[in-house]
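Open the model in your viewer and keep the selection panel at hand. Each stop below says what to select and what is there.

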Protein chains: 2
Amino acid sequence: MDLVRIIGFFSAACTTAAFLPQVIKSWRTKKTRDISSGWLGLLVVGIFSWIVYGILREDLVIIIGNVATVAMLAVLLYLKIKYH
Amino acid sequence: MDLVRIIGFFSAACTTAAFLPQVIKSWRTKKTRDISSGWLGLLVVGIFSWIVYGILREDLVIIIGNVATVAMLAVLLYLKIKYH
């Protein structure tokens, strides 16, 4: 794997893994009041659009990274609806 | 501008604009307790890495989108430190 792709996967890993501490925190505290619904909604639309862009550009890093982020966002959205 | 680039810029606009309602909410309520520091930290590292990836791939959509997101994150980080 070339260096560019390694940097890409590192980026995707960070921005996806970033949601893990937030999901764990919201899960444990059962509090999501300070998290904006508008942020979550726009992010879901944007991430889906990034996946389409990744497919059209045939960029595997963008596709994999954003599919993984969608999974994290789905959990956070569930917690936001449940505990708001 | 071709369709692929338009979809790319739409994606970048959504994922960047997504932080606006969060920044406004944190600014108004002066409360950021439910927002994870780990999430913010990992996101900053990941977004900087995405900018490097965008430069190496010569992908203007990735570069512009992530530079704009860094600006949003900087404000949110400031609010998190100030109001936590």
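**Stop 1: A:Ser11**

Select A:Ser11, which sits in helix α1 (residues 3-17) of chain A. Helices here are DSSP runs of H or I with at least four residues, strands are E runs of at least two, and both are numbered from the N terminus. This is a predicted model, where local features need pLDDT of at least 70, side-chain atom pairs count only at pLDDT 80 or more, and totals for chains, interfaces and linings use all residues. Residues are numbered from 1 along each chain as its sequence is written, chains are lettered from A and ligands numbered from 1 in the order in which they are written, and side-chain values use heavy atoms, with hydrogens and water left out.

Is A:Ser11 buried or exposed? A:Ser11 is buried, at a relative accessible area of 0%. Buried means under 20%, exposed over 50%, and partly exposed in between (1.4 Å probe, protein chains only).

Now show what surrounds A:Ser11. Beyond its neighbours within four places in sequence, A:Ser11 is in contact (heavy atoms within 4.5 Å) with B:Gly46, B:Ser49, B:Trp50 and B:Tyr53. Pick B:Ser49: its side chain joins that of A:Ser11 in a polar contact of 2.7 Å. A polar contact is a pair of N or O atoms within 3.5 Å; within protein, one must be able to donate a hydrogen and the other to accept it, and residues adjacent in sequence count only if both atoms are side-chain atoms.

**Stop 2: the interface**

Color the two chains separately. In chain B, 37 residues are in contact with 37 residues of chain A. About 3,400 Å² is buried between chain B and chain A, and carbon and sulfur atoms give 68% of that. Buried area is the accessible area (1.4 Å probe) that two parts lose on being put together, summed over both.

Select B:Arg57 and A:Asp59. They form a salt bridge, with the closest N and O atoms 3.0 Å apart. The rule asks for a side-chain nitrogen of Lys or Arg within 4 Å of a carboxyl oxygen of Asp or Glu. Across this interface of chain B and chain A it finds two salt bridges.

**Stop 3: the axis**

Zoom out. A rotation of 180° with 0.0 Å of shift along its axis superposes chain B on chain A (RMSD 0.0 Å). That is the relation of a two-fold axis. Finish on B:Asp34, whose C-alpha comes closest to the rotation axis among the residues of chain B, at 2.7 Å.

Methods. Copies are superposed by least squares on the C-alpha atoms of residues with pLDDT of at least 70 in both.
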